Amino acid sequence: MKVWRTVQEAHKEHKPSGFVPTMGALHEGHLELVRRAKAESGYCVVSIFVNPTQFGPNEDFAKYPRDEKRDFELAASAGADAIFAPSVEEMYTHSQAEITIKGVTSRWEGEIRPGHFTGVATVVAKLFNIVRPLDAYFGLKDFQQCAVVASLVQSLRFDVNLKFLETVREADGLAMSSRNRYLSSEHRQIAPKIYAELNELKLQFERGSDLESSIQESVNRLNRTGFDVQYLALVDSITLEPVTQYKTGARLIVAAKLGTTRLIDNIGV
Ligand code: AMP
């Protein structure tokens, strides 16, 4: 497996590829993307870059888990052919451009984490220009991020096929995340309830129960269990705007804090 540290190396050794951008601390969710990229595109490039511009001032950039040796081994075992692991300087020295996506960023994560999606869109645009992949793989775990990347590609006419893959979960339903390791053992026990609640709500919608009151009851149940729910909403999958009537193809999205850890999840309905 090749390891590229610089833009120059990535350009020099460029091949048409399936590309998986990550911030490292790899888990099965990431590795599933890597396996799919390798299987479908033949040549798989993984980037590992903890992107400072997508963290807020009170977020966990400094303490975000970093273990390069382990990540390289895992990526290689899942089929990565090359890793792009640049320094912050390599990505941001003399960098005066920022990409802000309007519309799909106006609510939810965009509202709670100001500047987050500008950081995401900017780094993804840079990575696309550096790796120049045929296909790029993202996880639906970060549902709004997928909408942002789709808008980025559409807006700036990037020549890349986007592939969005379903969320990989622990056996008890908890969506895999690099941040799950921050959960105390007590909170780790409670955490899967967030996914159980999404499924319960979906069932209620299918039975025709009132959307607004069902959502409010779910929020109350989660809060009583120990979560601090930031939003729980049924949204249009493309625009991310709330929908007032149940319709198939919509997405149920949630963000909640459990202690100091923030969890996000979503399911299709
Ligand atoms: P991150 O390293 O958290 O920036 O994630 C890198 C990519 O992996 C993003 O496209 C995420 O959506 C995706 N990802 C993270 N967790 C999961 C998961 N549990 N299942 C599927 N994809 C995931």
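# Exercises on salt bridges and a ligand site

A search of the whole structure finds 17 salt bridges, a salt bridge being a side-chain nitrogen of Lys or Arg within 4 Å of a carboxyl oxygen of Asp or Glu. The model is predicted: local features need pLDDT of at least 70, side-chain atom pairs count only at pLDDT 80 or more, and totals for chains, interfaces and linings use all residues. Residues are numbered from 1 along each chain as its sequence is written, and side-chain values use heavy atoms, with hydrogens and water left out.

**Exercise 1.** Decide whether Arg251, which forms a salt bridge with Glu166, is buried or exposed.

Solution. 
- The N to O distance of this salt bridge is 3.1 Å.
- Arg251 lies in strand E8 (residues 251-258) and Glu166 in the loop between E6 and helix H8 (185-190), so the pair ties together parts that are 85 residues apart in sequence.
- Buried means under 20% relative accessible area, exposed over 50%, partly exposed in between (1.4 Å probe, protein chains only).
- Arg251 has a relative accessible area of 9%, so Arg251 is buried.

**Exercise 2.** Describe the shell around the ligand and the polar contacts there.

Solution. 
- The ligand is surrounded by 16 residues, the closest being Met23, Gly139, Asp142, Val168 and Met176; a residue counts if one of its heavy atoms lies within 4 Å.
- The largest share, 3 residues, comes from H2.
- A polar contact here is a pair of N or O atoms within 3.5 Å.
- A polar side-chain atom of His30 is 3.0 Å from a ligand oxygen atom.
- A polar backbone atom of Gly139 lies 2.9 Å from an oxygen atom of the ligand.
- For Met176, a polar backbone atom lies 2.9 Å from a nitrogen atom of the ligand.

Definitions and conventions
Polar contact = N/O pair within 3.5 Å; in protein donor to acceptor, adjacent residues only side chain to side chain. Helix = DSSP H or I, 4+ residues; strand = E, 2+ residues; numbered from the N terminus.
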